[in-house]
Amino acid sequence: MAMDVNGVSIETDEEGFLVNLSDWNPDVALELAKGESIDLTDQHWEVINFLREYYDEYQIAPAVRVLTKAIGKKLGPDKGNSKYLYDLFPYGPGKQACKIAGLPKPTGCI
Amino acid sequence: MSDDMDFEEGGAVKKFMFVNRKAPYGTVYALEGLEVVLISAAFDQDVSLAFVDDGVFQLVKGQKTDGIEMKNFSPTFRALEGYDIEKLYVERESMEARGLTEDDLLVDVQIMSAAEIGDMMAQQDVVISF
């Protein structure tokens, strides 16, 4: 599959994850979010940017449990909980947020 | 993916040891082994990792993989702490035979003799070798 962002064709896999992680930019994120019916707010971007930093450092997309804990550590307990993250990304902060952040599907995510 | 997965209360926790024996690149064993370890973390078991033979190379700092067009997955070992996997054992004999010291490794580990690693293996419920 492919989507068009600013005249550039971006390849995605059958689940909508980027095939080439280097294709990501904020405009691509907006397009990916549109496919998930999510309007990105500052709160979404906070998580997306966190995920990108995490991936940059560890070369994996974190499991939800690990993400939740790490967000709590960095952004405070009011954000490091399942309810907050699922409100932002209803189909799962792991899968959905990682997709919009241009990361691969988290390891162990089915 | 599991978030608040509820396991039966009082379910037995087993001791799992993943033994890494091979160099990080050239075969897929090291990367696949690491993925299994990450998945195993979701099940709240007692997980440890042992690095023996060429497996000790997996933990060496400063891996550059551009030339072989492979992803350098060694930074992922530093994420294990966040997955509550903190028992990493490295066999002293394997390390010394390859001219490595603890300072060459990218994560905190416990250095053990072959005999001590053998004892640890004997205490496990499950030993899986990669």
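**Reading helices in a predicted model**

Analyst: Let's start with a helix pair in this predicted model. α2(A) and α5(A) pack at an angle of about 80°, and their axes lie 9 Å apart.

User: How do I put that angle of α2(A) and α5(A) into words: roughly parallel or roughly perpendicular?

Analyst: Angles from 65 to 115 degrees count as roughly perpendicular. So α2(A) is roughly perpendicular to α5(A).

User: Okay, and which residues of α2(A) and α5(A) meet?

Analyst: From α2(A) come Val47(A), Ile48(A) and Leu51(A). They meet Pro93(A), Ala97(A), Cys98(A) and Ile100(A) of α5(A). Sorted by class, that contact has 7 nonpolar residues, with no polar and no charged ones.

User: What should helix α3 of chain A span?

Analyst: An α-helix has 3.6 residues a turn, so residues three or four places apart point the same way. For length, count 1.5 Å a residue: the 12 residues of α3(A), 64–75, should span 16 Å. The end C-alpha atoms are 16 Å apart, so the two agree. Just after α3(A), Gly76(A) takes a positive phi of about 105°.

User: Which residues in α3(A) are buried, and what covers them?

Analyst: The buried ones are Val64(A), Arg65(A), Val66(A), Leu67(A), Thr68(A) and Ile71(A). Their cover includes α2 (42–58), α4 (82–88) and α5 (93–100) of chain A.

User: Over in chain B, is Asp103(B) buried or exposed?

Analyst: Asp103(B) has 6 inside 10 Å, so it counts as exposed. Asp103(B) sits in the loop between α2 (92–97) and β4 (110–112) of chain B. Asp103(B) and Lys61(B) are 42 residues apart in sequence, and their C-alpha atoms are 8.8 Å apart in space.

How values were computed:
Residues are numbered from 1 along each chain as its sequence is written. Chains are lettered from A and ligands numbered from 1 in the order in which they are written. This is a predicted model: local features need pLDDT of at least 70, side-chain atom pairs count only at pLDDT 80 or more; totals for chains, interfaces and linings use all residues. Helices (H or I, at least four residues) and strands (E, at least two) are DSSP runs, numbered from the N terminus. The expected span of a helix is 1.5 Å times one less than its number of residues. A residue is buried if 20 or more other C-beta atoms lie within 10 Å of its own, exposed if 12 or fewer, and partly exposed in between; C-beta atoms are placed from the backbone. Two residues are in contact if their C-beta atoms, placed from the backbone, lie within 7 Å. Axes are lines fitted to C-alpha atoms, for helices over the stretch in contact, and angles run from 0 to 180 degrees between N-to-C directions. Angles under 35 degrees count as roughly parallel, over 145 as roughly antiparallel, 65 to 115 as roughly perpendicular and the rest as oblique. Ala, Val, Leu, Ile, Met, Phe, Trp, Tyr, Cys and Pro count as nonpolar, Asp, Glu, Lys and Arg as charged, and the others, Gly among them, as polar.
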